[in-house]
Amino acid sequence: MNQNDFLFSPPVDLTNCDKEPIHIPGLIQPHGILFALQEPQLKILQVSHNTSEILGIHPQELLEEKLQTFLDSQLIEQIQKKLAEGLGTINPLKLSINTQKGELFFDGILHRSDGALILELEPVTSKEFSNFFSLYHLIQAPITKIQKTTTLNQLCQAIVEEVRKLTGFDRVMVYQFDAEDAGTVIAEDKLEELASYLGLHYPASDIPRQARHLYGLNLLRLIPDVNYQPVELFPVDNPVTDRPLDLSFSVLRSVSPIHIEYLKNMGVGASMSISLIRNQKLWGLIACHHQSPRYVSYEIRTACELLGKVMALELASKEDNEKLDYRIQLNSIQSKFVEAISQEESFVDGLLKERSNLLDLVGAQGAAIYATESLTLIGQTPELADIQELINWLATTNDRDIFNTDCLLKLYPAAEKFKEVASGLLALSISNIQKHYILWFRPEVIQTVNWAGDPNKPVEVKQNGDIRLTPRKSFELWQETVRCKSLPWQQCEIEIALELRSAIVSIVLRKADELAKVNQQLTLALSAAEMGIWDWDLLTDRITWSSGHEQLFGLESGTFEGTYGAFEACVYPEDREAIALAVERSRLQRQDYSHQFRVVWPDGSIHWIEAKGKFFDDSDGNAVRMLGTAVEISDRKNREAQLRLLESVVTSTNDAVVITEAEPIDEPGPRIVYVNPAFTCMTGYTLEEVLGKTPRILQGDNTDRTALDRIRTALQNWQTVRVDLINRRKDGSQYWVELSIVPVADEKGWYTNWVAVQRDITQRKQAEAALQQLNQELEMRVQQRTQALERSQAALQQQMERERLMVAIAQQIRQSLNLAEILNTSVSQVQQLLAADRVVVYRIWPDCTGTVIAEAIAPEWPKIANITLSEEAFPEHCRQTYAQGKIYTLTDRLGNEALLPCMVEFLAQIQVRAELVVPIIQKNNLWGLLITHQCDRPREWQAWEVELLQQLANQMAIAIQQSELYRN
């Protein structure tokens, strides 16, 4: 295969761009090597084609071979040990490989994919071991800076500055996605001479769907050189699965050729991206660009990835803090509405009492209230007829309590003619049956969007007519004017509108009995009120009205012209025909006349009239006269409309309504007289099943007794109460409710009923519980992380102190040419550093005998200096073992059954419980042993202690050689 061909799949075109299999390219970037291994033998199944260039081994020679073919056994043991510990903490492995080019050092990165173990090797320049402590020092200051930020902008600016410091890239940006997956550069740190990308927009098509998916899986992606020649895998398919190897988590995976072309068009020579995940969704990216090739070590990349995770945790708090003040302002306006609606007879009057606040509640410039077939407009709104058509459309297309859009024209083409005042719509349905709505409008906001080049992906037509999708070749400022859109509705504005609806429903229910009582009082008042009297002479068609009648029609006394036409002119046009029909029917059927109709006063206001009359006949039985009365019933009609609204709200609301008798709360307690349909949906009980029973049927074992006691206390005092508690459905399942109970009194002030409204808040409670658990887990993780960092810092300080002492010891040893001084200094410093009871140098003579020639010992233990041991005490196999550089550790003489009896006896004589023996090798010969004894107790020898003594033994060997040369 030609390496210039990036993909094995067909060319990417307009129809398959989003289907490009970028996770299985069969290719890697050339700055590393990839092996696909079969566990547990670590047999090589696939290998990248560049092993010849890097390792000097042809890939064909490696297939079907085990990894130990070119890695020594210690490295294999290291890999297997790390695999047993888990892949979460394994990377990177520090590996050294002997090749034809000499010893090479690599970072080894492991992960599993398609049932195979993937080993990727990235060359490094030295074998220096980078551990947690170096990583801690890399990220300590950046994390502190990030956590001190208070706003989202400060957070984003801090992260780009710190990542650029760590990586040295020419430009680092924070790239945030919007709801439609388009992106915007919201923070940037760059070289001064580079053009700024800050504020530029990028279309969603720049990052296809499958690329977004990979950003969510693999949080960091590095391209050191965009001009790289991709390296194919050999063989192409995984021989176990017979399909291309999934490289989703690979650090070397080759990227799409379209993306490479995209970067080249931007003038980018190297790039790195860090994913920012919030609520398990891709919130944005930290994008790094360099004008020339740039490699970033695995250690620095790990630090950057960790900084990205820390920033993701900070995103939520920063964004929520910015919205908190606005939400507090909306809650303040909301509380004013609740108070106003409670004080007014109808919720419409309460809303109109705070007209400007009704707009401020959701940040609108216009509003319309539609109730009882009456439409009231506030601020900048469409025409009445347009709003009526809009309400009809909402009633037929929307069945939710709330509807919102920032581009009404997309959904409702008729909005074209009023887009200037109503491109955005927030519609709140109070009652679907009666079509009661509150509508808020936002005007068109003509926006200029700055794009990084033309956002429409260009296409290239080949000579054979094929169409190929190509990335933009220019990223110069390209401006687009967006019309027919308003500012978007914020989530807190939508939530406050829903809360307003809940408050209206709750208040209307609370006034239910009051409205019924007022209706009775109004009926009595109307019967005693002033009446209008009219006399209609049918022969002359003259009508005489009393002054009271004229007042009912809004006329000044004596101004009525006395004709039927003058009467009809005062009547609401749509009611005129019905009046004529009612009069004629009464005359023909010889019945009393009774009819209700509307009249229009000169000021345009509409009033309801109830007219009653009687015909009088002449001797021939023909009607010649009609006498009657009229009274105004506008208030009664308004009450009836409110009652119809109440009925529709109670029957259509999602909240369960329960009405009981106002019986004493003691046994058996108030009995249920009514429940609405929502109660049945919520509990499973029908009206017939609960009539005559008490609400205690909803109580279960988990119902909060404290909440029940609050209810009991409130009911005993005839007070309203609101509690959250757990109820039980008919099927035995439990659910949370927000329960509000209101006492209702009759006209004499006697309490007759309790009205209870139950709202299912199970999901909210579950969310609160989940949030509480998440907070606890986060707090625990922070505490654990803090403790770990404290322990790590202490361990790091100890390690630095040991290394300082090691350097000091080595310098003291190397500065002296006196052998005795060298040896005595060595044992003395080791005893102090390891807090050991005894440290000796055991010299092995050419005749295989040995003598303790230097000793440092605690006062309470016997000295063994100058003791000479025979050849039998130090057999040949022991000398060979030490001559190979191996060490010997003994944790406890008393617990080691493998010790020879003579060794046990000897150690007991010199009172040794534990020992650590390190060979001193000079010119590939065993010169002697550096031995450390613990006499008073067993001792587990730490890895750093063993490593320290090995290093010291090497330094001693060099110093001894120098001393011997000086003597000679």
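Helix axes here are lines fitted to C-alpha atoms over the stretch in contact, and angles between N-to-C directions run from 0 to 180 degrees. With that in hand, welcome to a short tour of a predicted model, in which local features need pLDDT of at least 70, side-chain atom pairs count only at pLDDT 80 or more, and totals for chains, interfaces and linings use all residues. Residues are numbered from 1 along each chain as its sequence is written, and side-chain values use heavy atoms, with hydrogens and water left out.

**Two packed helices**
- Two packed helices are described by the angle between their axes and the distance between the axes.
- Helix H24 (residues 819-834) packs against helix H27 (residues 943-967) at an angle of about 170°, and their axes are 9 Å apart.
- H24 and H27 are therefore roughly antiparallel to each other, a label for angles over 145 degrees.
- On the H24 side, the contact (heavy atoms within 4.5 Å) includes Leu819, Ile822, Leu823 and Ser826; among the H27 partners are Trp944, Leu948, Met956 and Arg967.
- Helices (H or I, at least four residues) and strands (E, at least two) are DSSP runs, numbered from the N terminus.

- Leu313, Leu778 and Val782 make a nonpolar surface patch of about 260 Å².
- Patch residues have over 30% relative accessible area and no salt bridge, and nonpolar side chains (Val, Leu, Ile, Met, Phe, Trp, Tyr) are joined within 5 Å.
- A salt bridge would be a side-chain nitrogen of Lys or Arg within 4 Å of a carboxyl oxygen of Asp or Glu.
- Accessible areas come from the Shrake-Rupley method with a 1.4 Å probe, and for residues only the protein chains shown count as cover.
- Leu778 lies in helix H23 (residues 762-815) and is partly exposed, with a relative accessible area of 35%.
- Buried means under 20% relative accessible area, exposed over 50%, and partly exposed in between.

**Backbone features to look for in loops**
- Most residues other than glycine have a negative phi, and most peptide bonds are trans.
- Glu39 and Pro40 are joined by a cis peptide bond with omega about 5°; Pro40 sits in the loop between strands S2 (33-38) and S3 (43-48).
- Another cis peptide bond joins Phe234 and Pro235, with omega about -5°, and Pro235 is in the loop between strands S11 (231-234) and S12 (237-238).
- Asn866 has a positive phi, near 70°; this residue is in the loop between strands S36 (850-857) and S37 (868-869) and counts as exposed at 61% relative accessibility.
- Gln911 also has a positive phi, near 60°; Gln911 lies between helix H26 (901-909) and strand S39 (914-922), in the loop, and is partly exposed at 35%.

Key. Patches are made of residues with over 30% relative accessible area and no salt bridge: like charges are joined within 9 Å, nonpolar side chains (Val, Leu, Ile, Met, Phe, Trp, Tyr) within 5 Å. Buried means under 20% relative accessible area, exposed over 50%, partly exposed in between (1.4 Å probe, protein chains only). Angles under 35 degrees count as roughly parallel, over 145 as roughly antiparallel, 65 to 115 as roughly perpendicular and the rest as oblique.
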